[in-house]
Amino acid sequence: MTKIDSKIPQGTIDKKWSDYKSHVKLVNPANKRAIDIIVVGSGLAGASAAASLAEMGYSVKVFCFQDSPRRAHSIAAQGGINAAKNYKNDGDSVFRLFYDTIKGGDYRAREANVHRLAEVSANIIDQCVAQGVPFARDYGGLLDNRSFGGTQVQRTFYAAGQTGQQLLLGAYSALSKEIAKGNIQMYNRHEMMDVVVINGKARGIIARNLVNGKIERFSGHAVLLCTGGYGNVFFLSTNAMGSNASAAWKAYKRGAFFGNPCYTQIHPTCIPVSGDHQSKLTLMSESLRNDGRIWVPKKKEDAIAIQQGKKTGNDIPEEDRDYYLERRYPAFGNLVPRDVASRAAKERCDAGFGVNATGQAVFLDFAYNLKYKYGKTEATKKGIHSPTEQQLYDLGKEVVKEKYGNLFDMYMQITGENPYEVPMKIYPAVHYTMGGLWVDYNLMTTVPGLYALGEANFSDHGANRLGASALMQGLADGYFVIPYTIGDYLADEIRTGKIPTHTPEFDEAEKIVKERIHFFVNNKGSKSVDHFHKRLGKVMWDKCGMARNEKGLKEAIEEIKQIRQEFWKEVKVPGSDTEFNPELDKATRVADFLELAELMCTDALHRNESCGGHFREEYQTEEGEAKRDDEHFAYVAAWEFKGNEIQPQLHQEQLVFENIKLVQRSYK
Amino acid sequence: MKLLLKIWRQKNANTQGKLVEYVVDHVSPDMSFLEMLDVLNENLVDKNEEPIAFDHDCREGICGMCSLYINGRAHGPQTGVTTCQLHMRSFKDGDTIYIEPWKANGFPVIRDLVVDRSAFDRIIQAGGYVSVNTGAAQDANCIPVSKQDADKAFSAATCIGCGACVATCKNASAMLFVSAKVSQLALLPQGKIEAKDRVLNMVKQMDTEGFGNCTNTGACEIECPKGISLENIARMNREYLVATLSSEK
Ligand SMILES: Cc1cc2nc3c(=O)[nH]c(=O)nc-3n(C[C@H](O)[C@H](O)[C@H](O)COP(=O)(O)OP(=O)(O)OC[C@H]3O[C@@H](n4cnc5c(N)ncnc54)[C@H](O)[C@@H]3O)c2cc1C
Ligand code: SF4
Ligand code: FES
């Protein structure tokens with residue numbers, strides 16, 4: 001096993017980043033114009049990076065598969081973004097955010113990166129406000145905050161339930177500003193199909209124009225992959241339909257190591273599956289856990305009556321409700337981290353206490369806080385001394401509506417039930433992938449010149465991400481990290497000159513892409529792409545989902561191989577490759593999911609411990625909590641591609657904890 | 001339930017399109033409208049026919065990608081929702097449903113139900129931003145904004161850029177979309193400095209893209225899935241007037 005160099009700067013944790021910035025190599029303004037940077041992805045990470053680099057003077061090209069950069073999946077983030085501003089004067093600090101993130105990640109993240117993230121977090125809020133992002137404000141005109149899971153301070157900034165939208169539109173506006181100036185060329189409806197590596201350095205990409213099918217070549221001195229996460233390997237997830245792993249996977253096959261592929265986040269509060277036709281799952285923001293209390297009936301017979309439709313949540317008297325998170329974790333209650341909340345829901349449902357027809361749901365109930373927290377306060381404000389229950393309800397409803405209105409509407413639209421009157425039903429669903437391309441402190445992968453930002457990289461969140469930290473990380477990477485760290489590499493590229501695209505390496509990459517597409521449109525198969533994707537998703541959810549074990553993972557690996565073989569024999573893609581053809585787009589993505597899935601299971605199988613989102617049933621405490629093995633597994637697993645159908649090679653980046661003591665994570 | 005669908009099929013931008021009939025059966029009321037189309041597409045693939053192309057991504061009403069004209073209404077029969085949020089419980093067994101793309105000069109058809117909305121991006125590029133570079137910002141709380149203005153700016157900023165307003169308007173005007181961005185930034189202190197140039201440039205770009213004039217029918221507000229208000233158009237008109245009067249260019 002080789003060691004890999006994470007390039008963490010010397011010095012104490014609070015000085016590393018500032019020292020680094022003072023000493024990093026720079027590229028002078030005159031040379032920047034002659035340097036081309038390719039940014040794949042226009043989400044928070046991609047848009048912020050592209051805009052910042054263009055402002056600095058680099059020539060930037062940006063790619064996204066949607067019809068506009070404004071539609072990247074960051075747009076769907078609801079709840080908020082963390083920052084150590086301490087505007088609430090509740091004891092927050094850079095160190096505390098750093099500490100919470102390391103602990104929340106179950107001690108599997110790199111200290112230096114996380115500290116840097118906490119340091120730049122405050123600047124992100126400043127930058128966004130300057131752009132005109134309309135965050136929620138209090139009556140004094142200052143910014144408001146809310147709480148998220150895994151923390152005891154209020155550090156989450158938000159814009160109703162549409163924080164991601166507002167942040168992305170801010171980054172998109174910065175991107176648009178640079179497009180208008182001619183500093184960025186934007187390629188919509190383009191999908192990256194491969195990375196081109198020349199003499200060991202990333203030098204360009206092959207992209208497919210999704211409108212006319214043309215395969216195009218683009219060269220650059222650096223390539224930034226900001227292509228989001230791979231949750232759609234499970235078929236059903238909260239990701240957008242087009243979210244895919246292909247860019248990261250192609251990078252892996254060109255030599256970039258893949259970090260911790262098995263770390264998947266299952267979000268506790270999503271709308272449960274309603275039937276076989278289901279195409280995606282919808283998240284109900286974690287912010288709802290500020291005011292929603294999670295429970296199932298105490299008595300089995302009540303649960304059964306609810307499952308059979310004979311009773312509803314409202315029929316169960318207070319004393320027969322089991323607020324199991326408040327019971328098990330009194331210190332954090334409903335605000336325990338996601339992995340803990342998800343597992344607890346699964347535990348109750350597996351024990352037979354689920355509250356919908358399939359038994360795969362728990363209640364998220366607002367009645368108590370609506371009436372007795374908000375209703376009461378409003379009544380007091382209005383001078384109503386002994387308000388009736390109805391008055392409390394009416395007053396509280398207005399407050400809840402203002403806070404979560406759009407989420408409640410969304411819920412109503414999908415389920416046909418009114419959450420102001422009956423408790424919501426929720427169940428965990430795949431939401432985020434902590435794993436991703438391995439990167440060093442500079443955000444560079446193991447391929448020189450190839451970077452990964454945002455959800456596409458593995459950094460910062462360890463084995464479990466805290467709520468409201470992905471938006472923070474995406475924007476930190478794009479606005480405040482890459483603009484510095486890329487100079488370190490590009491300073492040596494100023495004499496390279498324009499990179500030609502008629503080289504054998506481009507020829508080879510293009511040939512592979514064309515052959516694959518040719519195969520798909522000509523294969524005389526009998527089954528649709530979705531058929532295979534759904535089968536894959538089921539295997540992954542059952543055997544590499546919320547709980548995993550050795551036997552299941554071994555089976556999964558065999559089953560995935562089987563599905564993959566069948567896919568290459570039987571897949572059917574109608575239409576041609578010279579026109580707009582969404583089935584073909586799907587086929588190329590699912591082909592990659594079918595390989596990545598196996599790597600995820602391989603990683604999950606090798607990690608003989610439980611940590612964060614990775615729960616191995618063999619490794620748990622008597623109370624059913626995750627049991628880490630720091631002695632053997634306090635490392636990042638970075639996998640190297642060795643060839644198709646060949647076992648990948650494991651590299652370990654040992655994690656050194658100098659500032660935070662490794663302890664068993666406890667939210668009790 | 002069983003439905004008769006009449007769907008616009010068009011090979012590409014250069015060919016004529018036409019409505020084609022399809023029947024889908026076993027549609028459950030819990031399905032979303034797009035899941036119903038998924039089922040139809042799955043059937044078409046089985047029969048070796050080409051599936052129907054339509055734009056979609058997030059499927060939760062926020063990315064603005066989905067864009068169907070259903071029974072003569074942008075995003076279908078319900079107000080306040082996008083196509084992807086529409087569920088089949090809004091229809092009944094035996095219904096005939098017409099499904100067409102957005103039709104407007106500014107939005108040429110790419111294929112079937114997919115149109116090109118890049119004109120919207122170009123309008124934003126004409127001025128829909130605050131010219132602040134990364135790293136140059138002061139502490140966020142140094143720019144207080146009254147809650148009222150912040151809330152109004154937020155409401156305007158929730159526009160998802162779907163284009164339903166244009167598709168609905170008999171003049172194919174993009175006023176609601178453009179005014180939402182102009183309003184958001186006009187309401188905030190950060191946006192005031194460039195307010196005049198912004199409104200002039202964005203309106204000019206809107207005209208260049210071939211969108212029609214606004215004759216205040218108000219149809220756009222009714223069909224906008226995000227409830228963007230006509231107030232924004234009024235505000236933009238004021239901003240525009242002030243900018244023209246005081247413009248030195
Ligand atoms: C429903 C939901 C709610 C969330 N809520 C929160 C929250 O409240 N707080 C929080 O912190 N985080 C939240 N998250 C997580 C967070 O939104 C994401 O992790 C983050 O936005 C990812 O940003 P990104 O820039 O890395 O990728 P994305 O925004 O996913 O962007 C990916 C980009 O890459 C492009 N792309 C992908 N593949 C290719 C390819 N092959 N070729 C060309 N282009 C490609 C896409 O077009 C897109 O532009 C939420 C996530 C979801 C799904
Ligand atoms: S104003 Fe409304 S209808 Fe028009 S683009 Fe925005 S969200 Fe869509
Ligand atoms: S698919 Fe995103 S809004 Fe409909």
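How many residues surround ligand 1, and which are the closest?

1. Ligand 1 has 39 residues around it; A:Q66, A:S74, A:M192, A:E455 and A:L471 are the closest. A residue qualifies if one of its heavy atoms lies within 4 Å of the molecule. Chains A and B both contribute surrounding residues, so the site is shared between chains.

2. On the basis of the model: it is predicted, local features need pLDDT of at least 70, side-chain atom pairs count only at pLDDT 80 or more, and totals for chains, interfaces and linings use all residues. Residues are numbered from 1 along each chain as its sequence is written, chains are lettered from A and ligands numbered from 1 in the order in which they are written, and side-chain values use heavy atoms, with hydrogens and water left out.

3. Polar contacts to ligand 1. A polar side-chain atom of A:E455 sits 2.6 Å from a ligand oxygen. A:S42 places a backbone N or O atom 2.8 Å from an oxygen of the ligand. A polar backbone atom of A:L471 is 2.8 Å from a ligand oxygen. Taken alone, ligand 1 exposes 1000 Å², and the protein buries 97% of that (Shrake-Rupley method, 1.4 Å probe).

4. Make-up of the shell. It divides into 17 nonpolar, 18 polar and four charged residues. Here Ala, Val, Leu, Ile, Met, Phe, Trp, Tyr, Cys and Pro are nonpolar, Asp, Glu, Lys and Arg are charged, and the others, Gly among them, are polar. In chain A, α3 (44–56), β6 (190–198), β15 (424–433) and α13 (470–490) each supply at least two shell residues. The largest share, three residues, comes from β6(A). Elements are DSSP runs, numbered from the N terminus: helices are H or I of at least four residues, strands E of at least two.

5. The interface. In chain B, 70 residues contact 78 of chain A (heavy atoms within 4.5 Å). The two chains bury about 5900 Å² between them, 52% of it on carbon and sulfur atoms; this is accessible area (1.4 Å probe) lost on being put together, summed over both parts. B:E60, B:T134 and B:K147 supply 12% of the area that chain B buries against chain A, more than any other three residues.

6. Charged pairs. Seven salt bridges link chain B and chain A (a side-chain nitrogen of Lys or Arg within 4 Å of a carboxyl oxygen of Asp or Glu). One of them joins A:E579 and B:R111, with the closest N and O atoms 2.8 Å apart. By class, the side of chain B that touches chain A has 32 nonpolar, 20 polar and 18 charged residues.

Note on methods:
Polar contact = N/O pair within 3.5 Å; in protein donor to acceptor, adjacent residues only side chain to side chain.
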